[in-house]
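Dear colleague,

Here is the structure that I promised to pass on to you, together with some notes on what I found when I went through it. Please keep it open beside this message while you read.

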Amino acid sequence: MLILKDVCKKFNPGTINEKQALTGVNLTLEEGDFVTLIGGNGAGKSTLLNCVAGVHTIDQGSIIIDGSDVTKLSEHRRAGSIGRVFQDPMMGTAANMGIEENLALAFRRGQNRNLKWGISHKEREQYKESLKQLDLGLENRLSAKVGLLSGGQRQALTLLMATLVRPKILLLDEHTAALDPKTAEKVLQLSDRYIREGNLTTLMVTHNMLNAIQYGNRLIMMHEGRIILDIKGEEKQQLTVEDLLKRFGQASGEVFANDRALLS
Amino acid sequence: MLQILMQILLSAISLGLLWAIMTIGVYITYRILDIADLSVEGSITMGAAIAATSIYHGMNPFAACALAVLGGMAAGLVTGLLHTKLKIPALLSGILTMIALYSVNLRIMGKANISLLRMETVYSKFETMGLDKTGAVILFGLLCVLGVIGTLYWFFGTEIGCGIRATGNNSQMARAQGINTNNMIILGLVVSNGLVALSGALIAQSQGFADIQMGIGSIVIGLASVIIGEVLFGKKNFFSRLIALALGALTYRIIIAAVLQMGMPANDLRMFTAITVAFALSLPVLKTYLVPFKKSMKGGM
């Protein structure tokens, strides 16, 4: 479903701040793969997601989604096949627009927009149903501005928007990191449900090792712009945090360092 | 005396209605796109210049207005391209277009001002119906404002209009939802400057001349009207917001007429407007300065 071939990305080339963020990343995701992506500070996790989404153009290599090469497509033209949820709850929604307006924007992802009315009555009913499943009472506040919602509510809404039109790839970039633990758990469970129900091919960055082990069918660890561990299937199910730290040490020759990593 | 005051009020209202169209144009860039677009200073004059020159050469005044709108839209397109394709900061793109338009407008008019005295204007038809000049401007101005409000209410409710609003609100989110944010910014600037040029065309015909200097300070007048409208007349939903903008432009004109009547020299007008806008824009910050003061007062007691 997603193929990355020898993807390289350098930031600020030729300056004192030059940084090789991705060094020849090769990765193939099968349809329905739910991959958790973990790594230390500056390992290149978010950069990898942003390269797939088209936020950054890559210096070398190619990115193929469902058989078509998107390497040279701009961010908005890839959006039709990609659903995204960001770390910052403010990032994924338009605060000054209503809940239904945000959903309507997401409903048209990947379609040509024209001078038809922005929301139809039929859609509105559909949104009500979808919002009911979030169990946050948002189905009665369709026209309320998104800026009035809490971080957790906004992140749940962003998740709904990302999956409203079935994405070929779902990118979750530490999407629970800014939430309080209880809300984070709820949003994570919701994500897991959507991913299972839709059999969505997913790449989820997390700083929580336990979550990385608990969720998904495959775990990838990055270090200094490379993939150093790729654990799947049976092996992944039996993984523990201690195993993971040990294997990180073996693969990188360093101690795992992430300011925000939760080891327990 | 009362009659004179009434006359002043009516003339302020007629001018306010024409400036309301400009105010709505400024609102599109300043609030919806979140860009302070200075090219409007040039495009309001451009609208006036195109309309005046065309009418002077015998064109139908309504066609002249349409031509003015096209001119303004072209100006917006240039600013949009400078900003999105050449990555020049929005403020600077607007300034560049504004400066360039000064020369363009001189080219259009061939001189610094054109008089429309005794020419047929868009208001002439209404004057033959028995209205006086001010009445004709108010009637036609009102029709234009209502037309613009209705059209924009529809436009910003469409898929493309929603795309423009999302772009101004959160461009990263907009791109993630497949919206071509560059095109949306360009389109917003085109619509905005088209409206501003229409306003310029109508103002020139109402005052009876187009002048190369008439755009100076217009962005500040537009901003003042936007802010007055929002503060005094609310911003509940999009429709009432558009109405509030028009009322804001009217109020601004009435305030100006009032201070002039009270004896403020006309030369100080722009200073007055600038101070008003600076004060209104800094209100949220000024409030935060006041809050700790209030708290310490309470604590002291």
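In chain A, Leu4(A) stands opposite Ile63(A), which belongs to β4(A), where a strand means a DSSP run of E of at least two residues, a helix a DSSP run of H or I of at least four, and both are numbered from the N terminus. Before going further, please note that this is a predicted model, in which local features need pLDDT of at least 70 and side-chain atom pairs count only at pLDDT 80 or more, while totals for chains, interfaces and linings use all residues. Residues are numbered from 1 along each chain as its sequence is written, and chains are lettered from A and ligands numbered from 1 in the order in which they are written.

The sheet of chain A

Strand β1 (residues 2-11) of chain A pairs with strand β4 (residues 60-65) of chain A in the antiparallel sense, over five bridges; two strands are said to pair if DSSP finds at least two bridges between them. Another residue to look at here is Cys8(A), whose bridge partner in β4(A) is Gln60(A). These strands belong to an open sheet of four strands in chain A, with the order β2-β1-β4-β5 and antiparallel pairing. At the edges of this sheet stand β2 (19-29) and β5 (68-69) of chain A, each with a single partner strand, so one side of each is left without a neighbour in the sheet. Helix α1 (residues 45-53) of chain A lies across β1, β2 and β4 of chain A and runs at about 65 degrees to β2(A), the angle being taken on a scale from 0 to 180 degrees between N-to-C directions of axes, which are lines fitted to C-alpha atoms, for helices over the stretch in contact. Contact here means that the C-beta atoms of two residues, placed from the backbone, lie within 7 Å.

The strands β4(A) and β5(A) pair in the antiparallel sense over two bridges, and Ile65(A) stands opposite Ser68(A) in β5(A). Asp66(A) counts as partly exposed, with 13 C-beta neighbours inside 10 Å; a residue is buried if 20 or more other C-beta atoms lie within 10 Å of its own, exposed if 12 or fewer, and partly exposed in between, with C-beta atoms placed from the backbone.

The secondary structure of chain B comes to 12 helices and two strands. The radius of gyration of chain B, taken over C-alpha atoms, is 20 Å, close to the 19 Å that the globule rule gives for 301 residues, so chain B is as compact as a globular protein of that length; the rule is 2.2 Å times the number of residues to the power 0.38. Along its principal axes the C-alpha trace of chain B spans about 70 × 55 × 35 Å, and 50% of the 301 residues count as buried.

The largest nonpolar core has 166 residues, and among those with the most contacts inside it are Ala20(B), Ile21(B) and Ile24(B). Such a core is a set of buried Ala, Val, Leu, Ile, Met, Phe, Trp, Tyr and Cys residues joined through C-beta atoms within 7 Å. Its largest share, 15 residues, comes from helix α9 (residues 181-207) of chain B. Leaving aside neighbours within four places in sequence, Ile24(B) is in contact with Val148(B), Leu152(B), Leu195(B), Leu242(B) and Leu245(B).

Leu77(B), found in helix α3 of chain B, is partly exposed, with 17 C-beta neighbours inside 10 Å.

Lys87(B) lies in the loop between α3 (61-84) and α4 (90-109) of chain B and has a positive phi near 60 degrees. Lys87(B) is exposed, with 8 other C-beta atoms within 10 Å.

Where the chains meet

The contact takes 25 residues from chain A and 20 residues from chain B. On the side of chain A, the largest share, four residues, comes from α3(A).

With best wishes
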